[in-house]
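Here is a quick tour of one model, strand by strand. Have the viewer open and follow along.

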Amino acid sequence: DSPWIVRLTLPSSIMAGFPVYPLIDIKFGNKNNSKLTWYKLCNASNDWIEVGTGLVYTPSNEEIGHKLKLRCVPGNGRIFGSELTVEANGNVEAGPGLCPFNSRQAYTKEILPLERFRVVSYNILADLYAETDVAKTELFAYCASYALSLDYRKQLYLQEIVGYNADIICLQEVDVKVFDNELQDVLGFKNFQGVLTRKGATVAEGVATFYSTQKFRLVETMTSELGEEIDVRPIYKNIWTSIKENQNLRERFKERNTVLQVLILESIWDPAKKIVVGNTHLFFHPDADHIRLLPAGMILAFLENILKHLKSKYPKDTLSFLLCGDFNSTADSG
């Protein structure tokens, strides 16, 4: 069958200096084998001028006040289908100016050499939480409504995350739709591969870890749904024994959908070096120190157990572990 485009849209917010990319769904084809061409509307002549190619395009300041258009010819590596064109709803706007992350990126301008790596952990705020009335009127009442919009926010957090030149990126509150339709494409463009772990089957967000394929190879992935597994996995037996007689604590803890995602990565330049990377998001409530400390203990037990098995399997390898996440805690408080 000839490839054809089911959906092709551009974001409602497009800013100069920030990456823009389409949401695209292709039947019998894929984005990597398709031809994408970007155009800007010349206001003086009303002509469309080609300005770029590829899935991701970053408008310049010269394009502020101009409208963008994207032409896509779907392909599958063998044949191409009928093209489709989409215009942006609005013009390219000026960016927000100097952002807080710009000063931090002054220290991460260079990609580290092969024997070293940089790690970034970031809660990107799931869209399903940002769009609620509670979010707009209570949690983020100080924030303008346009700034809570995913189309606006994603430009900023992607610019920040990519600008740190990290080799491992641990994200929390990742919408399934954002992972599938956006992060895999944009970070894949930068030679990253990612894994998403949802907070249970009914929650449309979770944690995601991306790793540079130029430095690491994925050996294995593991997950643990802590609330469901505390009374099942033997490694959690001591923690379960300490709380099972406390009904209120037991029930409150098991209601939580905290998940631990684990990736075992192997160094490309030295396969004898492996790292166990954990990624999690602990409960946010201010009075829930104990609900955060319990999964923290379980997570350490899980990671230590993995290291134990890896040492047995790879006795000559150098093994390390790294735990990232949004812990909703400070260094001196749960």
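Val 6 sits in strand E1, which covers residues 4–9; helices (H or I, at least four residues) and strands (E, at least two) are DSSP runs, numbered from the N terminus. Val 6 is partly exposed, at 43% relative accessible area. On that scale, buried is under 20%, exposed is over 50%, and partly exposed is in between (1.4 Å probe, protein chains only).

Together with Trp 4 and Phe 28, Val 6 makes up a nonpolar surface patch of about 300 Å² accessible area. The areas are Shrake-Rupley values with a 1.4 Å probe, and for residues only the protein chains shown count as cover. Patch members need over 30% relative accessible area and no salt bridge; like charges are joined within 9 Å, nonpolar side chains (Val, Leu, Ile, Met, Phe, Trp, Tyr) within 5 Å. A salt bridge here is a side-chain nitrogen of Lys or Arg within 4 Å of a carboxyl oxygen of Asp or Glu.

## Ground rules

This is a predicted model: local features need pLDDT of at least 70 and side-chain atom pairs count only at pLDDT 80 or more, while totals for chains, interfaces and linings use all residues. Numbering starts from 1 along each chain as its sequence is written, and side-chain values use heavy atoms, with hydrogens and water left out.

## The antiparallel sheet

Four strands line up as E4-E3-E5-E6 in an open sheet with antiparallel pairing; two strands pair if DSSP finds at least two bridges between them. E4 (47–53) and E6 (84–91) are the edge strands, each with a single partner, so one side of each has no neighbour in the sheet. On average, neighbouring strands of this sheet are turned by 30° against each other, direction ignored. Axes are lines fitted to C-alpha atoms, for helices over the stretch in contact, and angles run from 0 to 180 degrees between N-to-C directions.

Inside the sheet, E3 (residues 30–42) and E5 (residues 67–75) are joined by seven bridges. Tyr 39 stands opposite Lys 69 in E5.

## The mixed sheet

Another open sheet has four strands in the order E7-E8-E10-E9, with mixed pairing. E7 and E9 (192–198) stand at its edges.

E8 (residues 168–175) is mostly covered, with eight of its eight residues buried. Five bridges tie E8 to E7 (residues 119–123) in parallel, with Val 119 opposite Ile 168. Six bridges link E8 to E10 (residues 205–212), running antiparallel, and Asp 175 stands opposite Glu 205.
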